[in-house]
Amino acid sequence: MKRSQISSLIALVALGALALGAAGGWLTAQFAMRAGSGVLFWAGLIAIVLLVAAALFTMHRFMRAFLIDVRRLTEAGRLVLGPNPNYRITVTGHPDLKELAGVFNQFTERFVQLQAERSVIAQQARADLEEERTLLATLMAELTEGVLVCNLDGQILLYNRSAHHLLGVEREEAASSYVGLGRSVFGLIDRNTIVHALEQVQYRRQRQQNTAPPVVASFVTTAANGRLLRAWLSPFSSRDNEMRGYVITMQDISEGIERSRRRDMLLQTLIERQRAAIGAIRAAIEAMAQFPDMTPVQRQRFQQVIQDEAQALSEQLDQTVRTHASDLRAQWQLEEMTASDLLWAVQQRLTERLSVDVARVDVDESLVLKIDSYTLMQGVSLLVRMLVEKFGVTTISLSLNAIERYAAFDIGWPIRAADASEWQTWKEHALITDNNDGMITLREVAERHGGEVWFQLGDAIDSAYFRLLLPRSVGPAGRQPASQNERSAAIIQPTVESRPEYYDFDLFHQPGQRPELDARSLRSLTYTVFDTETTGLTPGLDEIISIGALRIVNGRLLRQEVFEQLIDPQRPIPSAATAIHGITDAMVRTQPTIDVVLPRFHAFAEDTVLIGHNLAFDMRMFQEKESVTRVCFDNPILDTLLLSAVIHPEEERHGLEDIAARLGVQSLGRHTALGDAIVTGEIFLRMIPLLEERGIHTLQQARTAAEQTYFARLKY
Amino acid sequence: MPAKVLIVDDEANIVISLEFLMEQAGYAVAIARNGDEAIEKIESFRPDLVLLDVMLPGVNGFDILQRVRQQPEHRGMAIIMLTAKGREVEVTKGLALGADAYITKPFSTRDLLAEVRRHLNANHETFTD
């Protein structure tokens, strides 16, 4: 309505001017003709022309003012509907348009409000699902076995920390495969092995009824990183019993094999050394026995031999037991736990399940144990249950303290001095293992931990206790991500604090990444967003000193699967450059060089579309290095600078910060390669719907549109 | 002339007993404490029998055994492996390389002497107890 008013106003003014001009001209012409004055005729004509020109000029100005404001309103509408609902427009032109902008902003306000309300409802609805997912993720993260879930194309939909550890790259090996969502499992585990296991599973499924237990195929394989793995593959199906994918569970058996090899060697050397020593002793003794009339000097020599060898023998034994204790003991899955945590858990369980009063007598807070807490809990529960049920014990005391290289866990209860001998008899009974009832006694607990257990009476014979010696954790308390701290050149560092993005079940609905990327929709592609920091801006002269990258899979920026690497440029970094990105000569001195890093980044970005801001520069830098790195980046690329120009052609500024502000992306940690890559990734994700509004849906369309923008003509 | 026995072992404590026992048995005894010394003594001392340890500094016992067996001039020399390496594969290896006997430590000195005597009698007719 406003718009039509404006139009009619413009038309009215223009028409008025024209009519005025025409009328004036006509009158002048009439007058001139009658008076026969040429001067007047020409003056009239000029007046007409001037008036018409004035009218046109006015019309043009109005049109321009209105149209530009109208266009800005349209853009603002798109922004609000799309990436940045908080965008508000200010119009400086015509009062009517200002009013329109005001109404527009009010609408926007309501829209934002409605959206917020809707998202609250949606959030509530999603909370349950989210909780389950978190539970799953946590569960997976804590498993000691590696777990991979793959679809039938071999794309990884889920992996846990152990899988990442088992299959990941240890150190600086050049281009190997990465564990990551949407990546192919075949780069990590031999394809034929998996296919064979799948065939086995398929075959067995065909023969079995639905009620049969789930089919599992097991195999031993060498992973791409050289580890020896025992793996179990089990399929999972959709409701119509169609196989949809499979779960691979795996354990590293190279460590086990390595350990038994060490044990073997140890046994071997032990036997050999003892043979030699005992050989010497036996020969000496027999010589003395056979020749009793040997001289005292000779006898003295033999005695010395026996003494020396016997002593050496005992020392050897001690040393072996000390240094190889862990090799000699059977390895259970022991976990680290602080003494107070353990005591708390035991206390909780005893109070809840057996309703006894539990007093914590004493605990060494700094003590960390290495235990199988489940077994321990079972053992302690069994003992206390016996005490409660058979002897009516109602109070239990617990203490946990360090003794030498062990932790002493005392489980005590009050007794009467008169019963002391009865308890002495009973103690053996308490430790007897009956394999049939499946109960775990304290003796078994001790055996599993390579510890000891015994019964003891308190000093005043008013209490009795079992003392359990358990292994202490060596080294710093808590979980040790040792390998991560060691690697200065660590590549993939999953951030532990945030909820891991280790799974993406939506990948089920996605075809393989390979075929015809060009025709694929922008939403379905896998991207590597990256940024570099350099010593300067001249390709060929300047060097890359940092690469930061992360991936977009299924429309999510995976902050866990990160590539972040400093690079030794083997030349000084100008202070002007350091001022921008903060990277100093000292920081890069011990870092790998570009010929090592770029192949690794190439592997990281394999089979993905590269995204970057002003990518032409980075690609040019990579190209410069092709002769040293021997890798050529032939991935399809999309440049957020160009895409911004596609989306907002009327804007002049397309810097990363400008775009971020326009699209409502918070830019934190800018001017680090990874920080910029994250911002670029967020921006790109918000651009996708804006591109779609312009009919740009596929990779091909996006590339074509980008190439046609003005900025694309600037070349490096 | 007594038969000659060469004891090759790097562990002094066993050598003491072996030397004593062999001397008491009436043999002429020489001692080598490593592989190279053993090779040298085999040439200079020309023993009738060698008590040969496997684990030696320098050339190991198996190598010495192999070398001696390749030399025709030492054809009559008896070689008894006397070693802490007692795994079945090692015994098999020693015998396959041409050792006359393979005795693992610890051993009975009586058995050892009987074994020594047996081999020396077979090769050395002039031997008298």
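Visitor: What makes Asn34(B) a cap for the N-terminal end of α2(B)?

Guide: A side-chain oxygen of Asn34(B) lies 3.2 Å from the backbone nitrogen of Asp36(B). A polar contact is a pair of N or O atoms within 3.5 Å, where within protein one must be able to donate a hydrogen and the other to accept it, and residues adjacent in sequence count only if both atoms are side-chain atoms. The 3.2 Å of this pair is within that 3.5 Å limit.

Before we go on, a word on the model. It is predicted, with local features needing pLDDT of at least 70 and side-chain atom pairs pLDDT 80 or more, while totals for chains, interfaces and linings use all residues. Residues are numbered from 1 along each chain as its sequence is written, chains are lettered from A and ligands numbered from 1 in the order written, and side-chain values use heavy atoms, without hydrogens and water.

Visitor: Which residues of helix α2 of chain B are buried?

Guide: In α2 (residues 35–45), they are Gly35(B), Ala38(B), Ile39(B), Ile42(B) and Phe45(B). Buried means under 20% relative accessible area, exposed over 50%, and partly exposed in between, with a 1.4 Å probe and protein chains only. Helices here are DSSP runs of H or I with at least four residues, strands are runs of E with at least two, and both are numbered from the N terminus.

Visitor: Why do the buried residues of α2(B) line one face of the helix?

Guide: They fall within an arc of 160° seen down the axis, so they share one face. The arc is taken from the directions from the helix axis to the C-beta atoms. These residues pack against β1 (4–8), β2 (28–32) and α3 (61–70) of chain B.

Visitor: Which strands stand at the edges of the five-strand sheet in chain A?

Guide: The open sheet has the order β2-β1-β5-β4-β3, with antiparallel pairing. β2 (156–159) and β3 (217–222) each have a single partner strand, so one side of each is left without a neighbour in the sheet.

Visitor: How do you know that β4 and β5 of chain A pair?

Guide: Two strands pair if DSSP finds at least two bridges between them. Nine bridges join β4 (residues 228–237) to β5 (residues 243–252), so they meet that definition. Across this antiparallel pair, Pro235(A) stands opposite Tyr246(A).

Conventions. Contact = heavy atoms within 4.5 Å.
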